[in-house]
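This report describes one protein chain for a reader who has not seen it before. The sequence and the structure are shown first, and the description follows.

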Amino acid sequence: MLKIYNALTKQKEEFKSIETGKIGMYVCGPTVYDHCHLGHGRGYVSMDVIRKYLEYTGYEVRYIMNYTDVGHLVNDAEVGEDKIQVKAKNEQVDPMEIVEKYITSSKEDFDALNIKPANFFPRPTQYVAQIIKFIEGLIEKGFAYEVNGSVYFSVEKFPEYGKLSGRKTEDLLSGARIEVNNEKKNPLDFALWINAPKEHLLKWKSPWGEEGYPGWHIECSVMSCDLLGQTTFDIHGGGNENIFPHNENEVAQSEAYLGEKMANYWVLWNMVNVEGVKMSKSLGNFTTIKDALAKYEPSVIRLWIISSHYRSVINYNPDSLEQAKINLQSISSWIGKLNSITLEEGVENIDISSFKKEFDEAMNDDFNTPVALSVIYKLITEANKKQLSKTDASSVLALWEKWNKVLGLRIETDSQNDIPENIQELLKERELARKEKDFAEADRIRDILTKKGFAIEDSGDGTKITIQNPNTKI
Ligand SMILES: [Zn+2]
């Protein structure tokens, strides 16, 4: 039974999907005005492992991650210029050039870290019409009001405001700074739509004034609603640093609009620290994913990330990355060793099912990857001590491959690319024969391949060929 820590209820809860076998998942993506740093890498790798584990357990996951390309102001408290616009002005280019450049950059980083692409990557600039419609809906329902071409969400109309972040409106009010924006009826109200000053580069005609642009939070409500069925969805992911105001405001907007819960489970990752201080762009102590990739193999970084639980703080220091490097090497040499086992009769065997059970238990406990990895390390120690038969070794390898669909580590071992071209050709001919149901021909080719020292394994995912022993003659 899968249990997830729900940031909304502050407890671990049994996971139940709304629709049997299917999950809708929305994850707050980056604002694309710079390269992603390791804090982002940590978050999106964590979400990727969670998504892949849900798929491993049989769910079909519809995974959405947005790219914020307008409306995120320099100061999260709705003060200052748009982050992307500042960069565009500095570089004297169009804001969309900045956006395209950093979306491309983040996709390169995500590919390197083996993060499966989202099913959709929506962006607010492509959603302006829906955003306007959504805001009109909030005004009609009495949750929002217009002043001088801007529209604000009225926090007092949503009594549950603060339920996600655990903040009370009274405390927020007493702690509120003297409001710079006197258009708001209540200092806690937040912008859904902002009337654009002349110099603002990205703006659209709206029903409320000349031209304006969406506030930062509204995009996630509108796009999750549009892409996940206009109703409550299963999982909302994000970084816990954005729980207030961003996620809290999403909840208020969506629930006011829908008249029901936004998401059943809020899954929020923790930050990366550098020498005890949070890694962030604004503090200037960040390492971009690209900088880290120049020093370490992508799978070392991925293993370093998943060696901590997603809700714990990770420390970025050379020692922890070196440890991940060593652990990755041990996994890789173990797999190499398993692949080279030729023993027909093993002396001992391994109770694979108990390891699988332990791995699943760890992952079912709020996706506890460090414990799941310890199960793998235990299996490595045990397998290395024993004299396994080839059949046992391949069952261990099959289990590893299943697990690694979740972990997503790229391990350098005998890959299909190491198979010589003439052998690959024979394999293709055999595939063709199988497709045409000419099994006699398929068997004939299999015999040739076996004689040459290759092992052929047919499964639902296609045919796998491996070198049977290191002295294979081509
Ligand atoms: Zn968001």
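## Overall picture

Among contacts in the protein chain between residues at least 6 apart in sequence, 74% link residues that are at least 24 apart. The model is a predicted one. The protein chain contains 15 helices and 18 strands. Taken along the principal axes, a box of roughly 80 × 45 × 40 Å holds the C-alpha atoms of the chain. The chain has 474 residues, and 50% of them count as buried.

## The second largest pocket

Rolling a probe the size of a water molecule over the atoms shows where empty space is left. The second largest pocket holds about 830 Å³ of space. Its lining is made up of 40 residues, and those nearest the centre are His 37, His 40, His 72, Lys 83 and Glu 241. By class, the lining residues of this pocket are 15 nonpolar, 19 polar and 6 charged.

Several helices and strands contribute to the lining of the second largest pocket. At least two lining residues come from each of α1 (38-56), β5 (73-75), α2 (83-91), α3 (95-112) and β12 (233-239). The largest share, 3 residues, is supplied by α1.

## The loop between β15 and α8

Two residues of this loop are described here. Lys 281 is located in the loop between β15 and α8. With a relative accessible area of 31%, Lys 281 is partly exposed. Not counting residues up to four places away in sequence, Lys 281 touches Tyr 33, Asp 34, His 37 and Phe 286. Lys 281 and Glu 348 are 67 residues apart in sequence, and 53 Å separates them in space, C-alpha to C-alpha.

Thr 288 also belongs to the loop between β15 (277-278) and α8 (289-295). Thr 288 counts as buried because its relative accessibility is 9%, and buried means under 20%. Leaving aside neighbours within four places in sequence, Thr 288 is in contact with His 35, Cys 36 and His 37.

Helix α6 covers residues 218-227 and is largely enclosed by the rest of the structure, because 9 of its 10 residues are buried. The buried residues of α6 are Ile 218, Glu 219, Cys 220, Ser 221, Val 222, Met 223, Ser 224, Cys 225 and Leu 227. Gly 229 follows α6 and has a positive phi, near 95°.

Gln 230 sits in the loop between α6 and β12. Its relative accessibility is 45%, so Gln 230 counts as partly exposed. Not counting residues up to four places away in sequence, Gln 230 touches Cys 225, Leu 258 and Glu 260. Cys 225 is one of the buried residues of α6. Gln 230 and Tyr 257 are 27 residues apart along the chain, and their C-alpha atoms are separated by 9.8 Å.

## Packing of α11 and α13

Two packed helices are described by the angle between their axes and the distance between the axes. For helix α11 (residues 352-364) and helix α13 (residues 390-407), the angle is about 10° and the axes are 11 Å apart. The two helices are therefore roughly parallel. On the α11 side, the contact is made by Ile 352, Phe 355, Lys 356, Phe 359 and Met 363. On the α13 side, Ser 395, Val 396, Leu 399, Lys 402, Trp 403 and Val 406 take part. The contact of α11 with α13 has 8 nonpolar, 1 polar and 2 charged residues.

## Backbone details

Most residues other than glycine have a negative phi, and most peptide bonds are trans. Which peptide bond is cis, with omega near 0°? The bond from Phe 244 to Pro 245 is cis. Pro 245 lies in helix α7, which covers residues 243-258.

Asn 114 is not a glycine, yet its phi is positive, about 60°. Asn 114 is in the loop between α3 and α4 (128-140), and with a relative accessible area of 21% it is partly exposed. Lys 437, another residue other than glycine, has a positive phi near 60°. Lys 437 is found in the loop between α14 (421-435) and α15 (439-451). Because its relative accessibility is 63%, Lys 437 counts as exposed.

Definitions and conventions: Residues numbered from 1 in each chain as written. Predicted model: local features only at pLDDT ≥ 70, side-chain atom pairs only at ≥ 80, totals over all residues. Heavy atoms only, no water. Helix = DSSP H or I, 4+ residues; strand = E, 2+ residues; numbered from the N terminus. Buried < 20%, exposed > 50% of the residue type's maximum accessible area, 1.4 Å probe, protein only. Contact = heavy atoms within 4.5 Å. 1 Å grid on protein atoms, 1.4 Å probe; cavity = no way out; pocket = protein on both sides within 12 Å on 5 of 7 lines; lining within 4 Å. Points joined across faces, edges and corners; volume = space filled by probe spheres on them. Nonpolar A, V, L, I, M, F, W, Y, C, P; charged D, E, K, R; others polar. Axes fitted to C-alpha atoms, helices over the stretch in contact; angles between N-to-C directions. Parallel < 35°, antiparallel > 145°, perpendicular 65-115°, else oblique.
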